[in-house]
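Student: I've got a model open and want to talk through its side chains. Can we take it piece by piece?

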Amino acid sequence: MRIGLPESARRTTASLPLTSMIDVVFLLLIFFMLTATFAMDEERLDSALASEGQGAVSSEELLPQILEVSGGPEGDVFVIGGRRPQSQAELVGVLKQLPKGPGVIIRVADTASIGAIASAKQAVADAGFGRRTYVPATPD
């Protein structure tokens, strides 16, 4: 006579039903294959920027325009690229001639009045610039 587990317990082995797990794995595999998006390799994509001299984009167009706003005894002063427009309407005219893509930076001096800052921001919006940045002028 043997001492230990009964004979019925010794003969049973544990087994896991794998059929349903295999079905789930295949369903997940099919799902991911159907919903995946396949992107083109980067070397096959066209460059958005052509090299200078070949395309219509130059290095000046990639830099944002800088509009400097300050105030003084003679009144509000706007300076953009060496030009000094005397009014908001004249500033809008100057800004409309510039490329809109890179945006504009409004650099404001401590001496500028709130009205001059508001005029500059409105002129930039009226000229059609979507990208606008407002920064204080750094002391030199």
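This is a predicted model: local features need pLDDT of at least 70, side-chain atom pairs count only at pLDDT 80 or more; totals for chains, interfaces and linings use all residues.

Student: Which strands do Arg107 and Glu68 lie in, and how many residues apart in sequence are the parts that the pair ties together?

Tutor: Arg107 sits in strand E3 (residues 104-108), while Glu68 belongs to strand E1. Because the two partners lie in these two strands, the pair ties together parts whose separation in sequence is 39 residues.

Student: How many salt bridges does a search of the whole structure find?

Tutor: A salt bridge needs a side-chain nitrogen of Lys or Arg within 4 Å of a carboxyl oxygen of Asp or Glu. With the whole structure searched, the count is 1.

Student: On to helix H4. Why do its buried residues end up on the same side?

Tutor: Helix H4 (residues 88-96) has Leu91, Val92, Val94 and Leu95 as its buried residues. They lie on the same side of H4 because the arc they cover around the axis is only 165°.

Student: What kind of aromatic pair do Phe31 and Phe32 form?

Tutor: The structure holds 1 aromatic pair. In it, the rings of Phe31 and Phe32 are 5.3 Å apart, centre to centre, with 65° between the planes. Planes over 60 degrees apart count as edge-to-face, so the pair of Phe31 and Phe32 is edge-to-face.

Student: Which class of accessibility does Phe32 get?

Tutor: Phe31, at 46% relative accessibility, counts as partly exposed. Phe32 has a relative accessible area of 53%, so its class is exposed.

Student: What accessible area does the nonpolar surface patch with Leu29 have together?

Tutor: Leu29 is in helix H2 (residues 19-35), and it counts as partly exposed at 44% relative accessibility. The patch is formed by Leu16, Leu18, Met21, Ile22, Val25, Phe26, Leu29 and Met33. Together their accessible area is about 840 Å².

How values were computed
Residues are numbered from 1 along each chain as its sequence is written. Side-chain values use heavy atoms; hydrogens and water are left out. Patches are made of residues with over 30% relative accessible area and no salt bridge: like charges are joined within 9 Å, nonpolar side chains (Val, Leu, Ile, Met, Phe, Trp, Tyr) within 5 Å. Accessible areas come from the Shrake-Rupley method with a 1.4 Å probe; for residues, only the protein chains shown count as cover. Helices (H or I, at least four residues) and strands (E, at least two) are DSSP runs, numbered from the N terminus. Buried means under 20% relative accessible area, exposed over 50%, partly exposed in between (1.4 Å probe, protein chains only). The arc is that of the directions from the helix axis to the C-beta atoms. Rings of Phe, Tyr and Trp (its six-membered ring) pair if their centres lie within 6.5 Å; planes under 30 degrees apart count as stacked, over 60 as edge-to-face and the rest as tilted.
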